[in-house]
Amino acid sequence: MSFRFFIYIVSEAVRSLIKNRIMTIASVLTLGLCLFIVSMSFMLAANLDYMLFQMGSRMGISVYLRADLSEFSRHALESEILAIPHVTNVEYVSAEDALGRFRDQLSDNTSQNGPTVLDGLENDNPLPASFVLNIESVNYWDFVENELNKLKDQGIENVALGKQAANYLNTLNNVLRVVSLVIILGLGVISMVIIFNTIRLAVNGRKTEINIMKYVGATDAFIRGPFIIEGVLIGVIGAGIPLLISYPMYDPVLSLLVRVLLVRGFEFRSHVYIFSVLITLCLVLGITIGVASSITSIRRHLKV
Amino acid sequence: MIVAENITKTYENGAKGLDSVTLRINQGEFVFVVGSSGSGKTTFVRMLLKEIEPTEGTLIVNGENLCALTPKQIPFYRRRMGVVFQDFRLLSNKTVYENVAFAMQILGAPSRDIRRNVPSVLALVGLQRKAKAFPNQLSGGEQQRTSLARAIVNKPPLLLADEPTGNLDPDTAWEIVSLLDDINGRGTTVVVATHAKDIVDQMKKRVITLRNGVIVRDIEKGGYSDEL
């Protein structure tokens with residue numbers, strides 16, 4: 001493409017956008033609104049997903065050990081467990097520690113320093129020693145369980161997975177992903193239909209112009225060029241609007257999320273992370289929708 | 001310049017637009033193609049524009065076999081041909097100057113050449129003072145002159161005019177035909193499809209008459225309704 005041709009198609013596109021300004025504004029606002037909803041959905045979904053990820057990695061798996069396990073075997077087992085993929089941490093909790101922790105929990109709950117029901121148990125501790133594992137994500141729960149089961153004959157008494165909670169988190173995670181994908185795809189299709197019709201109206205209004213261009217000897221690329229640039233410009237402006245609006249709204253949305261979900265102690269995705277994804281997402285969606293609508297609308301007018 | 005050998009066009013409904021037409025138009029000729037509605041004039045013009053293809057036969061224009069042209073070659077074929085339509089077909093959002101310049105932009109002409117050639121062509125058709133006017137600010141004759149300027153600005157070897165005077169009053173029609181004659185005098189082959197009996201009769205140019213898709217008469221320096 002020569003520089004002259006590029007300048008021509010860009011100036012023609014800008015001129016046409018200004019001339020058909022009502023159509024332009026309608027297209028940009030429609031696209032902007034749809035992408036704004038997409039942006040908001042993404043902000044929420046990305047942070048909920050991140051929170052669920054953090055929850056999953058914080059949940060420990062308790063691996064209870066047989067009472068007759070020697071120290072040597074215990075160290076060997078610990079190494080084996082650590083070697084299981086996706087296990088991030090293994091902590092040994094001796095029977096005494098377990099009792100101590102249980103006692104601490106009880107005293108926390110009762111807020112009393114007096115004698116407790118556990119006082120007589122030092123010499124007859126019913127709690128077993130255990131390993132407490134952390135894993136990367138709840139998604140690996142089943143995998144890690146299978147691997148632990150393979151090690152059962154090496155001194156494992158029982159594995160307490162908290163599997164219901166894990167499954168719940170996993171399901172929530174998957175539902176969230178599907179819902180956000182449906183929202184993004186649905187709004188993408190809706191805006192494509194609206195933009196397509198808007199641009200088609202604009203193209204239909206110019207079919208005589210296209211027809212004349214064909215008779216004067218314009219190539220399809222020459223005719224299509226300005227329309228594609230129009231699509232790109234509508235896409236870029238339509239993508240810019242939600243980004244400009246949603247950037248200052250990010251923190252208030254997070255505060256709302258915290259208030260609604262009553263959650264504390266979680267990290268949220270940074271502005272940089274969210275907006276690097278959103279800028280790409282909005283621009284790709286905006287430009288794709290704009291250009292696809294332009295190309296589809298103009299195609300039938302080129303057959304002269 | 002134009003060589004047609006047994007060209008036939010049968011439309012999907014079975015109607016014949018042209019039926020075994022054979023003709024030859026040489027470089028530099030001025031030819032009227034006349035005939036009543038449905039005679040095949042429009043079919044012939046549309047074939048020359050490569051808008052439709054003959055069902056049978058061979059049509060060679062400017063050395064190009066139109067039946068062998070690929071869709072990508074069509075724009076380049078059309079650039080070697082100026083076209084004037086009855087309804088002018090000007091771009092309403094462009095000025096007279098821009099409408100003419102547009103035909104050069106399509107060819108990728110440098111701005112310097114556009115700035116030099118467009119005013120001289122506008123002067124040739126007498127529109128130098130209307131360069132900044134938009135089509136809706138022009139009379140029919142002025143619009144057709146703009147269309148003519150656009151058709152010749154790239155100096156095509158062939159100028160095709162489809163009913164160029166159809167929407168014009170007699171005086172203006174004569175202005176246009178005189179311009180076409182001038183252009184022909186500069187070496188451009190001119191083919192005019194028309195109903196304008198008076199003009200054809202007075203110009204005394206070659207006249208090809210079509211009836212029901214068949215050439216029924218082809219006379220050098222003929223009239224519209226010479227004896228068959």
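Reader: Before we start, what are the conventions for numbering and for pLDDT?
Author: Residues are numbered from 1 along each chain as its sequence is written, and chains are lettered from A and ligands numbered from 1 in the order in which they are written. In this predicted model, local features need pLDDT of at least 70 and side-chain atom pairs count only at pLDDT 80 or more, while totals for chains, interfaces and linings use all residues.

Reader: Why is strand S6 of chain B largely enclosed?
Author: Five of the five residues of S6(B), residues 81-85, are buried, so the strand is largely enclosed by the rest of the structure. Buried means 20 or more other C-beta atoms within 10 Å of the residue's own, exposed means 12 or fewer, and partly exposed lies in between, with C-beta atoms placed from the backbone. Strands are DSSP runs of E with at least two residues, helices are runs of H or I with at least four, and both are numbered from the N terminus.

Reader: Which residues lie on each side?
Author: B:Met81, B:Val83 and B:Phe85 are on one side, and B:Gly82 and B:Val84 are on the other. In a regular strand, side chains alternate between the two faces of the sheet.

Reader: Moving on, where is B:Arg89, and what does it touch?
Author: B:Arg89 is in the loop between S6 and H3 of chain B. Not counting residues up to four places away in sequence, B:Arg89 touches A:Ile212 and B:Ser147; contact requires C-beta atoms, placed from the backbone, within 7 Å.

Reader: Is B:Arg89 buried or partly exposed?
Author: B:Arg89 counts as partly exposed, because it has 19 C-beta neighbours inside 10 Å.

Reader: And which residues of helix H7 of chain A are buried?
Author: Among them are A:Ile210, A:Ile212 and A:Met213. Their cover includes helix H8 of chain A together with helix H3 of chain B.

Key: Contact = placed C-beta atoms within 7 Å.
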